[in-house]
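Here are my notes on the structure, point by point. Please read them with the model open.

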Amino acid sequence: MNVEVVELSPIERDAFAEIANMGVARAATSLRQMLGEQVLLSVPAVHIVTREVAAELVERDNSAKLVAVQQSFDGPFSGRALLIFPEAQSLELVRSIVGADQSLEDVIDLEQEALAETGNVILNACLATIANVLRKSMRMSLPTIIRGDGATLFAQPPGGGNLVLFLYIDFTIKSRGMRGFIALLMDLPSIAALKEIVQDFIEKVER
Amino acid sequence: MQCKVLVVDDSKLARMVMASAFRRLRPDWELVEATGASDALEAITSADVDIALIDFNMPGLDGLELVAKIRESKPAMPVALVSANLQDEIIARARELKAAFIPKPLTDEALGAFLSGAVLRLKKASS
């Protein structure tokens, strides 16, 4: 089997992590506005890994039952952005956003819609910042909800490769004991396109 | 007035973006780069730095913890926290530590305004 190996140089990895970090920091700012509580972020990690390894990375320290809001993006490079948290916390998150005065029944009714809307605001803040920094326009799909383990979240789409560029940052909302991830996933053709765009960006900075 | 500026960021790209802005705004100023808190604290004691620009999200001590350490020995040094994380708590904590806040992505306008203010404060302090 002919496997094309794409590697990121240290400066490309650094640049991508920094640009994505700005995106996620803006996303955390939006989440903070929705929750009214501070959101703590980790330092971003960027890996080129198989989908299985990406799945293991999100399951580590988490239950295997996860909920994700995902949005596909498409432009000079394409991929998926996901807001992921343990399924057990999904109702708590919704309740934090819609207000504690809602009944459990109402929260359950609202869950799907509230998750999609939260994901939409947060992931858009992240992707729009990345697109603006790189001066590229990106189309974003409507959010969808996925439930399952890491393997379900990162399942290989038809025609997609198994090796992905995987960036993740974890977030914690200390006062509510909640945590989750924001992850970006791109496959090989996109990594090659992204490398060129990042190279361009670095050259402009050096000029 | 020519100043020596400490730029603290774990990302090389972010330091390059900062250096590039300085080439446009204050080409004759000297930049000292640090990749984290321990490098930064060493530079502050050994390199006679006038101004510090500090990233927030770094491994080890974060930017606010670093500013707090810097304040122990340099209570009046013009310092700015640089971050895309615009959460109220972070900006409020920066204020408490008498640090300015500059949003990322960095713009020449935001950096330029901070530097002009910093020069005024340094001139006032030395007069």
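1. Start with Gln89(A). Its relative accessible area is 17%, so Gln89(A) is buried; buried means under 20%, exposed over 50%, and partly exposed in between, with a 1.4 Å probe and protein chains only. Gln89(A) sits in the loop between strand S4 (79-86) and helix H3 (90-98) of chain A. Helices (H or I, at least four residues) and strands (E, at least two) are DSSP runs, numbered from the N terminus.

2. On conventions: this is a predicted model, where local features need pLDDT of at least 70, side-chain atom pairs count only at pLDDT 80 or more, and totals for chains, interfaces and linings use all residues. Residues are numbered from 1 along each chain as its sequence is written, chains are lettered from A and ligands numbered from 1 in the order in which they are written, and side-chain values use heavy atoms, with hydrogens and water left out.

3. Which backbone atoms does the side chain of Gln89(A) reach? One is the backbone oxygen of Gly177(A), 3.3 Å from a polar atom of that side chain. Another is the backbone nitrogen of Arg179(A), at 3.2 Å. The cut-off for a polar contact is a pair of N or O atoms within 3.5 Å; within protein, one must be able to donate a hydrogen and the other to accept it, and residues adjacent in sequence count only if both atoms are side-chain atoms.

4. Next, the salt bridges. Glu12(A) lies in helix H1 (residues 10-35) and Lys195(A) in helix H6 of chain A, so the pair ties together parts that are 183 residues apart in sequence. Glu12(A) is buried at 5% relative accessibility. Lys195(A), at 23%, is partly exposed.

5. A second pair in chain A is Glu111(A) with Arg147(A), a salt bridge of 3.3 Å, N to O. Here helix H4 (residues 104-134) supplies Glu111(A) and strand S6 (residues 144-148) supplies Arg147(A), so parts 36 residues apart in sequence are tied together. Glu111(A) is buried at 12%. Arg147(A) is partly exposed at 34%.

6. Chain B has a local case. Glu96(B) and Arg93(B) form a salt bridge at 2.9 Å, N to O. They are three residues apart in helix H4 (residues 88-96) of chain B, and therefore separated by about one helical turn. Glu96(B) is exposed at 56%, whereas Arg93(B) is partly exposed at 34%. Elsewhere, salt bridges that share partners join Glu18(A), Asp9(B), Asp55(B) and Lys104(B) into one network.

7. Arg135(A), Lys136(A), Lys204(A) and Arg207(A) form a positive surface patch. Patch residues have over 30% relative accessible area and no salt bridge, with like charges joined within 9 Å. Lys204(A) belongs to helix H6 (residues 188-206) of chain A. Its relative accessibility is 53%, so Lys204(A) counts as exposed.

8. Last, look at Asp48(B). Asp48(B) is in the loop between helix H2 (37-46) and strand S3 (51-55) of chain B. At 59% relative accessibility, Asp48(B) is exposed. Asp48(B) and Val5(B) are 43 residues apart in sequence, and their C-alpha atoms are 9.3 Å apart in space.

Key
Patch = residues over 30% accessible without salt bridge, like charges linked within 9 Å, V, L, I, M, F, W, Y side chains within 5 Å. Areas by Shrake-Rupley, 256 points an atom, 1.4 Å probe, with all protein chains shown as cover. Salt bridge = Lys/Arg side-chain N within 4 Å of Asp/Glu carboxyl O. Lys, Arg positive; Asp, Glu negative; His and termini not counted. Charge placed at Lys NZ, Arg CZ, Asp CG, Glu CD.
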